[in-house]
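Q: Could you show me how to read a protein model, one feature at a time? I would like the general idea and then the case at hand.

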Amino acid sequence: MDQTLSAPAPTRPAPRRRADHPRRGARTVRAVLALGVVGVLGMWWLSVPAGFAATPANALTSIGELAGMVGGFLVCAQILLIARVPWFERAVGLDRLVSWHRSLGASVLFLIVAHVLFLVFGGELLDRNPPWTEFVSILQNYPDMLTALVGTIAFLVVGLSSARLIRAKLSYEVWYWLHLTTYVSIFLTFLHQLSGGAHFVSAPVNRVLWIALYLGTASAVLTWRFILPTLDAWKGRMRVAAVVPESEGVSSVWLTGPHVEQLGVRAGNFLLFRFLSWGHLGTAHPYSVSAVPANGYLRITVGAIGDHSTRLPALKPGSLVFAEGPFGRFTADRASRARILLVAGGAGVGPIRALAEELARRGARPVVLYRARSAQHLALLGELQALPGVTVIPLVGRRSELGYDPLDVEPLRHLIPDLHDWEAFICGPEGMGERVESSLRALRMPKRFIHREELSMS
C-alpha cells in the first residue's frame, strides 16, 4: 500500500425518514412474533388437562403437543415473513426477512422432531411398547397420520436442503422447487392438527383461532405472493433491449418497457426477474439494478455464479421479462454520516455503482473500494471513475499473489485512517462481506453504520 486517502469534505447527509427506521421496524416485527408464541402458549395452557404432568408419560405427551403447536405457529410465521406482506417489507426489508425466515427454519425442524419424539416416548411409557411399535401404533390409531407423516418428511427434506453444505451442492432451481413443496406439507400436516390435535378437538375456540391463523397465512400468500405480483408484472412487463459483456464473467442486461420508470426503483434496490426464455422460465431470480430507470431503460449487472446467471448472456433482445419489486433497504436513505465508504466485490459492483451515483447526486463524495482478483474482472470501472465526486480505489489481485488481504484491518487503516467516523455500504460475496465488516468493527466503526447487501436471497 503506497497511498493514504484524505477524507473528503463533510457534507450534510439526507435526513432519514422516521417511518423507515430499520431498528424500530425490526423490533416491532419481533414483538409481534413473540406475542404470537405467547398466544399459542396460552391456548395450550387453557386447554391442557389438570393432570398433564401427573406421570412422566403424561408430561412427555404434553410437551410433545406443545412443541407441535409452537412449531405449527412458527411455520405460519416463516411463510408470512416471505409472503411479500407490505407491512413486513416496509418495517424490515426483504433481505432481512429472508434471513429471519432461514433462522426460523432450524427452530421449526427442531420442534417438529421434538413433537414426534416426545409423543412416541410418552406413549412408550404409557403402553410399555418399544419405540418403533409405539410409532406404528400412533400411525394406525390417530386420524390423518399418514398424510401428516408425508408432510413431516417433506418438511425435513426442505429444511435439510437449506443446510449450508447441502445448499452449496444444489442448483437454485432444484432448491426453489423443493421449497415449493412446503405449501403441500403445510396442508397435509394441518389436516392432522385439526383432526388429531388434543388442544383443537376438545377446544372449539382454539380450533377457530387455528383455522383463522392458517387461512390468514394462506390469504396473505395468495394475495401478495401470487395474485398482485402477477397483475403488477403483467402491467410492468419489459423486454430485453441488449446484453452487454462488462468483464470476465460479468454481463449487463438492459431492459425496456412503457412503464419501467413507474416501478419506483431506486439505487440499491433489487427485483425478482422472470425471463420468458428457455432455461429461465422455471424460477424468478433476484438481481440488483446497476442503473436506475431513465429514458425508458433499466439495467442489471450480473455475475455468472449459478445456472441461471450463467445463461443470461444468451438472452435474445426482445425476450419478455416480468419483474416483481422493488425490494431491499440498501439505499441512500440509510446514509446518516457525512463520510461514506462503498465496498464492492464481484457482481456487487452493480448496486454499488448505482448507489455511488445517487449519493454523488445528493452532494456526498463517496469513496469506492473495488475488490477484484484481476484487472479483467473490474466491470463498470470506467463508469465509476467517470462519476463526478466519486473516488474509486481498485484493490486488484489474489491474496496468494499479494501476500495479504487488502480488506484486512491494517490495509484499510492505511487507506483511510479515520474509518471510525465513516459509514459503510458493502455488496459482494458473503465471505468478502463478513471480512470487511469484521475489519471495520476492529477499526471502531459502529455496527449501525455498516450496511450489507448479500448477492443471494436463497
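Predicted model: local features only at pLDDT ≥ 70, side-chain atom pairs only at ≥ 80, totals over all residues.

Q: What share of the 458 residues in the chain is buried?
A: Buried means under 20% relative accessible area. By that cut-off, buried residues make up 49% of the 458 residues.

Q: What share of the contacts in the chain joins residues 24 or more positions apart?
A: Take the contacts with a separation of 6 or more. Of these, 72% are between residues 24 or more positions apart.

Q: In what order do the strands close into a barrel?
A: Follow the pairing from strand to strand. Here 6 strands close into a barrel, in the order E1-E2-E5-E4-E3-E6, and the pairing is antiparallel. On average, neighbouring strands of this sheet are turned by 40° against each other, with direction ignored.

Q: Which helix packs on the sheet?
A: Helix H12, residues 349–361, packs there and touches strands E4 (285–294) and E5. The direction of H12 makes about 30° with that of E4.

Q: How many bridges pair E1 with E2?
A: Read a pair of strands through its bridges. Strand E1, residues 238–247, and E2 pair in the antiparallel sense over 7 bridges. Val240 stands opposite Leu255 in E2. The two strands, E1 and E2, form a hairpin with 2 residues between them. Gly249, in the turn, has a positive phi of about 80°.

Q: And over how many bridges do E2 and E5 pair?
A: E2 (residues 250–256) and E5 (residues 297–303) pair over 7 bridges, again in the antiparallel sense. Ser251 has Val302 in E5 as its bridge partner. Ser252 has Thr301 in E5.

Q: Why is E2 described as largely enclosed by the rest of the structure?
A: Count its buried residues. E2 is largely enclosed because 5 of its 7 residues are buried.

Q: Which residues is Arg353 in contact with, leaving aside its neighbours within four places in sequence?
A: First place the residue. Arg353 lies in helix H12. Arg353 is buried, because its relative accessible area is 9% and the cut-off is 20%. Beyond its sequence neighbours, Arg353 is in contact with Ser290, Ala291, Arg299, Leu380, Glu383, Leu384 and Leu387.

Q: Where is Arg84, and what is its phi?
A: Arg84 is in the loop between H2 and helix H3 (86–92). Its phi is near 65°, a positive value in a residue other than glycine. Arg84 counts as buried, because its relative accessibility is 11%.

Q: What is the volume of the second largest pocket?
A: Take volume, then lining. The volume of the second largest pocket is about 1,100 Å³. Its lining holds 41 residues, and the closest to its centre are Ile82, Arg84, Tyr176, Tyr183 and Arg225. The elements that give two or more residues to this lining include helices H2 (56–81), H4 (94–127) and H10 (204–235), and strands E3 (270–275) and E6 (320–327). H4 gives the largest share, 8 residues.

Q: Which residues does a cis peptide bond join?
A: Check omega against the rule. Most peptide bonds are trans. Here a cis peptide bond joins Gly325 and Pro326, with omega about 10°. Pro326 lies in strand E6.

Q: How many disulfides does a search of the whole structure find?
A: The test is a distance between cysteine sulfur atoms. The search finds 0 disulfides. Cysteines can still be read for burial. Cys76 counts as buried, at 2% relative accessibility. Cys427 counts as buried too, at 0%.

Definitions and conventions:
Residues numbered from 1 in each chain as written. Heavy atoms only, no water. Disulfide = S-S within 2.5 Å. Buried < 20%, exposed > 50% of the residue type's maximum accessible area, 1.4 Å probe, protein only. Pairing = 2+ DSSP bridges. Helix = DSSP H or I, 4+ residues; strand = E, 2+ residues; numbered from the N terminus. Axes fitted to C-alpha atoms, helices over the stretch in contact; angles between N-to-C directions. Contact = heavy atoms within 4.5 Å. 1 Å grid on protein atoms, 1.4 Å probe; cavity = no way out; pocket = protein on both sides within 12 Å on 5 of 7 lines; lining within 4 Å. Points joined across faces, edges and corners; volume = space filled by probe spheres on them.
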